[in-house]
Amino acid sequence: MARPPEFDRAAAVRAARGVFWARGFPGTSMKALEAATGLQPGSLYAAFGSKEGLFREALADYVQAVVAAAVRPGVAPREQIRRWFAAMVDAAVDDGGRGCLILHGAAELAHHDAESRAAVQEELGRLVGFFAACVAAARPELGAEAVADRAGLLVAALAGISAWSRA
């Protein structure tokens with residue numbers, strides 16, 4: 001019978017998220033993940049299956065944290081967008097130019113395993129969906145195509161901020 005994990009999974013995921021965010025997926029070694037999480041290789045593989053599996057959990061944790069910072073009950077849609085952009089500017093300026101983990105993950109995993117690509121695409125879809133919902137709520141007179149165009153433009157602007165901060 002397998003023993004239950006004897007570590008704080010959420011803390012390990014947050015620690016790994018920081019490493020992935022700072023170094024990118026390809027630049028993150030298993031040794032760096034072991035050092036950040038305090039876990040041995042066998043425990044990392046048993047808990048997450050692979051570096052890719054840990055990245056997917058770190059990415060989901062990142063999205064949850066960013067969404068929680070932007071989305072508050074009773075906050076107007078335009079303010080939610082402003083909060084998201086403020087968080088990205090803070091990440092670009094104050095966090096060593098790390099940019100957006102979702103957008104960097106999409107670029108870094110574009111030619112990687114299908115499961116990781118699908119996870120990143122799902123998070124990108126959630127990001128576009130967040131902006132589309134905000135635009136639709138702020139501008140109810142717009143049609144679906146105009147809402148989608150504006151949401152895409154907002155994500156493209158974030159991608160520019162994120163890429164420029166990394167450069």
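User: Let's start with Val-66: does it count as buried or exposed?

Analyst: This is a predicted model, so keep that in mind throughout. The cut-off for buried is under 20% relative accessible area. Val-66 comes in at 12% relative accessibility, so it counts as buried. You'll find Val-66 in helix 4.

User: How far is Val-66 from Cys-100, in sequence and in space?

Analyst: Along the sequence, Val-66 and Cys-100 are 34 residues apart. In space, their C-alpha atoms are 9.7 Å apart.

User: Now Ala-36. Where is it found, and what is its relative accessible area?

Analyst: Ala-36 is found in helix 2. Its relative accessible area is 33%, so we call Ala-36 partly exposed.

User: Which residues is Ala-36 in contact with, leaving aside its neighbours within four places in sequence?

Analyst: Ala-36 is in contact with Ala-15 and Val-19. Take Ala-15: it sits 21 residues from Ala-36 in sequence, yet the two are 5.7 Å apart in space, C-alpha to C-alpha.

User: And which residues of helix 2 are buried?

Analyst: Those are Met-30, Ala-32, Leu-33, Glu-34 and Thr-37. Their cover includes helix 1, helix 3 (41–48) and helix 4 (51–70).

User: How do I read two helices packing together?

Analyst: Two packed helices are described by the angle between their axes and the distance between the axes. Here, helix 1 (residues 9–23) packs against helix 2 (residues 30–37) at an angle of about 135 degrees, and their axes are 8 Å apart. That angle makes helix 1 oblique to helix 2. As for handedness, helix 1 and helix 2 have a right-handed crossing.

User: Which residues meet between helix 1 and helix 2?

Analyst: From helix 1 you have Ala-12, Ala-15, Ala-16, Val-19, Phe-20 and Arg-23. They meet Ala-32, Leu-33, Ala-36 and Thr-37 in helix 2.

User: Let me try another pair. At what angle do helix 6 and helix 7 pack?

Analyst: Helix 6 (residues 101–108) and helix 7 pack at about 140 degrees, with their axes 9 Å apart. Over 145 degrees would count as roughly antiparallel. Helix 6 and helix 7 are therefore oblique to each other. The crossing of helix 6 and helix 7 is left-handed.

User: Which residues of helix 6 and helix 7 meet?

Analyst: Ile-102, Leu-103, Gly-105 and Ala-106 are the ones in helix 6. Across from them in helix 7 are Val-120, Glu-123, Leu-124 and Leu-127.

User: What about aromatic rings? How do I describe a pair?

Analyst: A pair of aromatic rings is described by the distance of the centres and the angle of the planes. A search of the whole structure turns up nine aromatic pairs. One of them is Trp-84 with Phe-130: 4.7 Å centre to centre, 35 degrees between the planes, and classed as tilted. This pair links distant parts of the chain, since Trp-84 is in helix 5 (residues 77–93) and Phe-130 is in helix 7 (residues 114–138), 46 residues apart.

User: Are Trp-84 and Phe-130 buried or exposed, and which residues form a cluster with them?

Analyst: Both Trp-84 and Phe-130 are buried. Together with Phe-85 and Phe-131, they form one aromatic cluster.

User: Last one: what sits over the ring of Phe-25?

Analyst: That's the charged end of Lys-51, 4.4 Å from the ring's centre.

Notes. Residues numbered from 1 in each chain as written. Predicted model: local features only at pLDDT ≥ 70, side-chain atom pairs only at ≥ 80, totals over all residues. Heavy atoms only, no water. Phe/Tyr/Trp six-rings, centres within 6.5 Å; stacked < 30°, edge-to-face > 60°. Helix = DSSP H or I, 4+ residues; strand = E, 2+ residues; numbered from the N terminus. Buried < 20%, exposed > 50% of the residue type's maximum accessible area, 1.4 Å probe, protein only. Lys NZ or Arg CZ within 6 Å of the ring centre and 35° of its normal. Axes fitted to C-alpha atoms, helices over the stretch in contact; angles between N-to-C directions. Parallel < 35°, antiparallel > 145°, perpendicular 65-115°, else oblique. Left-handed = near helix turned anticlockwise from the far one by under 90°. Contact = heavy atoms within 4.5 Å.
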